[in-house]
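This briefing is for a reader new to the structure shown below.

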Amino acid sequence: MIQCKTSKAIGGMGHSLKRKEDDRFIQGKGNYVDDIKLPGMLYMDIVRSPYAYAKILKIDSEAAMKVPGVVAVITGKDLAQYNLHWMPTLMSDTQMVLPTDTVMYQAQEVCAVIATSRYAARDGREAVRVEYEKMKPVIDPYKALDPGAPVLRTDKEGKKDNHIWNWKVGDKEKTDKVFETADVVVKQQMHIPRIHVASIETCGCVADYDKVKHHLTMYMTTQAPHAIRTVIALVAGHVGLSEERIRVVSPDIGGGFGGKVPVYPGYVIAIAVSFLVGKPVKWIEDRTENLQADSFARDYHITAEMAGTKDGKILATRFKVLADHGYTDASANPSKFNTGLFSIATGSYDYGTSFMEADAVYTNKPPGGVAYRCSFRVTEAVHAIERITDRFALAVGKDPAELRMQNFIKKEDFPWKSPTGWTYDSGDYHAGLQKAMDAIDYAGLRKEQAEKRKKGELMGIGISTFTEIVGAGPSKDFDILGIKMFDSAEIRVHPTGKAIARFGTKSQGQGHETTYAQIIAEELGIPAENIQIEEGDTDTAPYGLGTYASRSTPTAGAAAAVAARKLRDKARKIAAYLLEVSEDDLEWEPGKFSVKGAPEKSKTIQEIVFASYTNHPQGMEAGFEAVHYYDPPNLTFPSGAYICVVDVDKETGAINVRRFVAIDDCGHIINPMIVQGQVHGGLTQGIAPAMYEELIYDEDGNILNGTLMDYLVPTAVESPKWETGHTVTPSPHHPIGAKGVGESPTVGAPPAIANAIVDALSPYGITHLDIPITPFKVWKALQEKGVK
Amino acid sequence: MIAQSFQYESPGTIQEAISLLQKYGDDAKILSGGHSLLPMMKLRLASPEYLIDINNIPGLSHINEDNGVVKIGGLTRESEVEHSDLLKKYFPIFGDVTKLIADPQVRNRGTVGGNLAHGDAANDHPAVMMAVNATVMATGPDGEREIPIDEFFFGFYQTALQPTDILTEIRIPIPPKGTGSAYHKLERKVGDYATAGVAVQLTLDANGNCSNIGIGLTNVNPIPLRAARSEEVLKGKPLTEENIALAAQYASEDCSPSADLRGSVEYKRAMVGVLVKRMIHKAVERAKA
């Protein structure tokens, strides 16, 4: 049970408060970008390339211009007049806004049609005729590095190949030496598939440029409104859009998951058009465009190796990655981390050395990749370590749970320095796995499995014991385009003791309006229901880097706690003044200061706040407001122990996830109900790439599953009954001991499922299957082993 | 849905609808549940100039028993089929199939008639209607006519319906006692078209032999397919494992699936075999119950 320090009426940390935001959502009263309608608003639709790689010979807009309601067709050449046809990516690569001569991937923006209605814009789009000269695309990332491969980025002066960057970390020499002499070495090539966040709300914006005031209001689907404002100023400053003339508003967001961090060409085109015509321009992608053109996630080809002793002690790991970035490196990583935080791939295990290397390549596919509910490439890292750990267990003939227990970093060894340079803040991995094993009756399952195997039935048990790395991040290492990755909170308490607090983050469904209020309630004793939370408007909220990578609680949540503590210090001074005692004679309990030894002499926080406006001590600033920009001293390292049980139909390959136990440790929990909801959603987005989702391209670069008919987003029907629980190991450096939880389940679930399926098939000598593991894939693998 | 513009008509009688079809010809499409047509219009794969909405025509939505036949109105929703006590009594196969068609929201709107009239071998009802030996009733300018299910499907998205026909009813003979039926499809996720689907209805005689059998296959052939050779091997014979295995083998040989993201040709043929066996066993179980 979670201990609460505050009463239910205050509703601080640990209370399962109902989500404040849900009132409007369940009544259909949310306000999304597409709900915004402005007088005189124009609509934009985008003509997209049918080919993965082609020269544009001609764009004929004559017929489109004849469609009633169409007012303009905008091409790359039009934008080039204002030098707005290119833009930087978050990784300091470059990307076309609209092409002037060549298209680099299927569904790339070719030109934009502007019209007086959404329907006219689409009719106009259908009427635009584009002549292309097809070229042979580069699709396979390994072939992209062949010496004879066509060089794709001819726009980059002097570029002679398709290689983007090389990254390495760890001690190569030491690691290689351990591998040379180790008893047991296992090696596995694996692909973490290219997937899509497929949020229910697609991307879009309303760009509203006021020609008289020289001011742009940009309503858009963004997870990081402040950073976007800065990016717009950097991209369009030369045409007069300097930062004080830009207001970015991120209204209600229907799911982000990392896909709403990047700046997509559509946003920039809409701004350019609004700037040119002086009218608001709305652009809303349809589902197909969203799936086919917006940033993908993952797409890492990984060779994982593990060396150890024959009795199961892990000694070293090696990882080699080939990262397929598509046409440009449009990842959304912190600037200094081009593989994100992949170096967490050493995992939850205590061993001395590791070496990791990655190369990134350009191909004729859409650009990416975003951190899909994953703190920058952690999903890839966790899959690699958890799969190779299972392979190692198989090789040494040990039960995978036992082998993990044997190798875990011990509770008392935290803070723990990893071979790749991280300092894990805290953890209790043994307790987590034990709790999961007890919850699922691990021993009983292994017994049942042995009996089933005698009868030829396929049952598998898979474990994943992962360490996450979230809360980016400390300013010494973490920035995006130079802006440090702090985050902010500003609290204003009104004279009657009710508050508004504003943040630099932006909820997309995480429940910030509830959880931030609970943090402030915990610290100040003002009831959470009396604290209004606002985010997403750059004119009013303090600057912050936004919400992704499970960073909101570790950064902005901490900022809220620290700002509230500043206010509590002020409250103490006012209380001392009102009660005519010294500050040291006061005792705090949530919502009240009282005199030590005389509890009847007290002042509530509401009385104190009122006094701050009506009767504050001479010499003290009036009012009750605080702001804090929180720069975390370290990242936080949530962890989890997941166990999955599957039954596999030998004849059809069908996989039934019979049980799934998830024990998470995200430190102190703010709202248990919201955490559970986050875990349920995250696990479902974990089963997705494990069994269903992958963006598939043919050799010509055509996407083969660009609609939700074939891109298989799992539903409630596919979701097993999630059995959740937790251990609590607070972060020692975080003001409220919280770690962040949004991503853990998405990161931790895929290897648990993959390990379970491979375990089911292991009697037939099957040691690995790449995700997504589909019935067809299972059937094929069994056929290849001659199983009837 | 950002479809191309179209004119919407909402006739109140069959006759009115038919005259509109006569007037607009190929430029018109009938709107029933809309769950095949509207996605195509959304993707602009279909751009009809006229939509003739038959939802306001009375007398097209019913499930009733009449003289040894169960009649299902063409406009009957999938969810009504799913929950019909009459169908549950005679045809458990409809409980199987409707649960596998899309999701509850779609089933509340989608119609049995539309599912058939679309002429798509990937839809589920064609195979089921073959197994239960249904007759399709079509009404055109010259009145009503019967089309046996085996003469209904012609080619890719093609049926025996003329452009001026409306599918008004499906009639299914009530089978004798000792009959059981079952349907299953393998799908990648809920709402997906079948990787392979098999519908079986069979009748056991007093000796436990199979006196009658219908087997239909879903999405493993360019047009909906009856597994005729498989039926032949079982009709009038005891349902031994050997016979069933042979029926399964014939079905997997006689279908003609294409490889796609659901699986290879070999996989789909193998799945047809597996499902034929399983559905026969399930139907036998139900026949005996």
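Which residues does Ile757(A) touch, not counting residues up to four places away in sequence? In this predicted model, Ile757(A) touches Gly460(A), Val646(A), Val648(A), Ile655(A), Leu769(A), Ile773(A) and Val778(A).

**Nonpolar core**
- The largest nonpolar core has 323 residues, and Ile757(A) is among the members that touch the most other members.
- Met44(A), Val113(A), Ile271(A), Ile520(A), Ala560(A) and Ile753(A) are also in that group.

**Chain B as a whole**
- There are 11 helices and 15 strands in chain B.
- Chain B is as compact as a globular protein of its length, because its radius of gyration of 19 Å is close to the 19 Å that the globule rule gives for 289 residues.
- The C-alpha trace of chain B spans about 60 × 45 × 30 Å along its principal axes.
- Of the 289 residues in chain B, 49% are buried.
- Taking contacts in chain B between residues at least 6 apart in sequence, 64% join residues at least 24 apart.

**Domains of chain B**
- The domain assignment divides chain B into domain 1 (7-53), domain 2 (63-173) and domain 3 (179-288).
- The centres of domain 2 of chain B and domain 3 of chain B, taken over C-alpha atoms, are 19 Å apart.
- Domain 2 of chain B puts 23 residues into the contact between these two domains, and domain 3 of chain B puts in 26 residues.
- On the side of domain 2 of chain B that touches domain 3 of chain B, at least two residues each come from α5 (92-99), α8 (125-131) and β8 (153-155) of chain B.
- α8(B) gives the most to that side of domain 2 of chain B, with 5 residues.
- By class, the residues on that side of domain 2 of chain B are 17 nonpolar, 2 polar and 4 charged.

**Contact between chain A and chain B**
- Chain B supplies 14 residues to the contact, and chain A supplies 23 residues.
- Helix α11 (residues 265-288) of chain B provides the largest share of the side of chain B that touches chain A, namely 3 residues.
- That side of chain B consists of 7 nonpolar, 3 polar and 4 charged residues.

How values were computed. Residues numbered from 1 in each chain as written. Chains lettered and ligands numbered in written order. Predicted model: local features only at pLDDT ≥ 70, side-chain atom pairs only at ≥ 80, totals over all residues. Domains from an automatic or database assignment. Contact = placed C-beta atoms within 7 Å. Helix = DSSP H or I, 4+ residues; strand = E, 2+ residues; numbered from the N terminus. Nonpolar A, V, L, I, M, F, W, Y, C, P; charged D, E, K, R; others polar. Rg over C-alpha atoms; globule rule 2.2 N^0.38 Å. Buried ≥ 20, exposed ≤ 12 C-beta atoms within 10 Å, placed from the backbone. Core = buried A, V, L, I, M, F, W, Y, C linked by C-beta atoms within 7 Å.
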